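Here's a quick look at how two chains meet, and at how one of them is put together. Have the model open while you read.

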Amino acid sequence: MNPYINLLLEGTLETILMVTLSLVISAVLGVPVGVILTLTKSGGIAENKRIYKGLGWVVNMMRSIPFIILMMLLIPFTRWIVGTSIGTIGTIVPLSISAAPFVARIVETALLEINPQLIESIVAMGATPFQIIKKVYFVEAIPSLLRNIPIIAIALLGYSAMAGAAGGGGLGDIAIRYGYYNYNTQIMIITIIILIALVEIIQTTFNILAKKLDKRL
Amino acid sequence: MIKITHLTKTYQVNNQPLLALDNISMLIEDKSITGIIGMSGAGKSTLLRVLSGLVSPDSGGVLIDGMAIMDMDAKELRSLRKRIGVVFQGYQLLMQKNVFKNIAFPLEIAGYDKEYIHNRVHQLVDLVGLSGKELQYPAKLSGGQMQRVAIARAMATNPSILLCDEPTSALDSVTTKEIMKLLVEINQKENVTIIIVTHEVGIVRSICHHVIVLDEGKIEEEGLVSNVFTNPKAQITKLLLGKEY
């Protein structure tokens, strides 16, 4: 068992790194798209059918590509960006890109929960669109956004394990290589337990955070 | 002074044109309290939205202190909005911000410095009788208290006009009286012109100087409350006054 402890520890850290970094990068890519979708939707403060439909189409198209295919498709791009298409680093690129449209939709949904009459009242106060985004949308929607982060993070965790089977690093790689190909059931079970623990930790942390920061409760 | 001339606004509802405002003209004196009364769908809220620059009319004009709001670009409109406070139906408070932050909001977006905001918010909290509640969040307040916050927020930038959309529709009768009293107090202390849109006769009778009766987008009757309500001429006014006529 002992020689595997380091391996599992390393795998867990790699998985956490992959999920965290891809979460951050997908947020950087997806949040602005989600904001634009919200603003340009009919009834939004910068209503624009063409932009909303066009962007919505791109988001839907990207979401309909299965992750494992997207990963293969992106190999040349991934290599160009980070120099490699395998391992932990090579997995972060397709993970981020696959999660970005997901983030965009989740941001859109969270922002649309805000009462349009509230937005109207803020417009009537003379707020600029930028002030509305910064001081109203991203303040009022915080609890909802926090509740949605685990959904994305857990999806990324699942994808990262999948990527492990296709040359990525982390726990998925260990489960496949040591657990499956070497018939090491123990390793397989331990990786599963670690994955379950990670899911629980992510979900619980964000539930607590959302509850603490939601002033409506 | 607010001068409204030949205001017309049509909405498309299910591809059918709906005439919300039909050739409305009126004059509202400075520092008066005017009630705009009518049934649901009479065009009251549309009129209020035009006055606050949220909706542009199809034709006609609104002059506020001599400036035409139709000719304004986005920037001018934003600066005008700081001179018009609006108390929206349903309070429309920021639920994730406390009382202080809610009242400070219009000042913050207008770019005032921290010290000024601090002092002004404390004045306003005193004005609306919410001292000690500054750090509470709206979810913990009663309807009357939320309406006080909404009024304080609307008054934050020292507007010359205060528009109130159904300010008491969600409040019980005791709280309604308190809010009415507060509006009169603000009208006198802060020298602000108040326009109240409502369907409740009692509010108009108790605090308004002038009344404008709207029905199906048209002005049916207008004048001093004492005249209009004691001697109503239009059918709709009689209907609104109910049993008394």
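How many residue pairs are in polar contact between chain B and chain A, counting pairs with both at pLDDT 80 or more? This is a predicted model, and in it the count is 10 residue pairs. On the side of chain B that touches chain A, the elements giving two or more residues are helix H2 (74-81) and helix H3 (99-110) of chain B. H3(B) gives the largest share, with 4 residues. By type, that side of chain B splits into 11 nonpolar, 2 polar and 8 charged residues.

There are also 2 salt bridges between chain B and chain A. In one of them, Arg49(B) pairs with Glu120(A), with the closest N and O atoms 2.7 Å apart.

Here's the interface in numbers:

| Item (chain B and chain A) | Value |
|---|---|
| Residues in contact | 21 residues of chain B, 24 residues of chain A |
| Area buried | about 2,200 Å² |
| Part of that area from carbon and sulfur atoms | 58% |

Of the area that chain B buries against chain A, 31% comes from Gln92(B), Gln96(B) and Ile109(B), more than from any other three residues.

Now for the sheet. In chain B, 4 strands make an open, antiparallel sheet in the order S2-S1-S4-S5. Strands S2 (16-28) and S5 (67-68) of chain B sit at the edges with a single partner strand each, so one side of each has no neighbour in the sheet. Further in, S1(B) (residues 2-13) and S4(B) (residues 59-64) run antiparallel and are joined by 5 bridges; Ile4(B), for instance, has Val62(B) in S4(B) as its bridge partner. Helix H1 (residues 44-51) of chain B lies across S1, S2 and S4 of chain B, at about 120° to S1(B).

Notes. Residues are numbered from 1 along each chain as its sequence is written. Chains are lettered from A and ligands numbered from 1 in the order in which they are written. This is a predicted model: local features need pLDDT of at least 70, side-chain atom pairs count only at pLDDT 80 or more; totals for chains, interfaces and linings use all residues. Side-chain values use heavy atoms; hydrogens and water are left out. Contact means heavy atoms within 4.5 Å. Buried area is the accessible area (1.4 Å probe) that two parts lose on being put together, summed over both. A salt bridge is a side-chain nitrogen of Lys or Arg within 4 Å of a carboxyl oxygen of Asp or Glu. A polar contact is a pair of N or O atoms within 3.5 Å; within protein, one must be able to donate a hydrogen and the other to accept it, and residues adjacent in sequence count only if both atoms are side-chain atoms. Ala, Val, Leu, Ile, Met, Phe, Trp, Tyr, Cys and Pro count as nonpolar, Asp, Glu, Lys and Arg as charged, and the others, Gly among them, as polar. Two strands pair if DSSP finds at least two bridges between them. Axes are lines fitted to C-alpha atoms, for helices over the stretch in contact, and angles run from 0 to 180 degrees between N-to-C directions.
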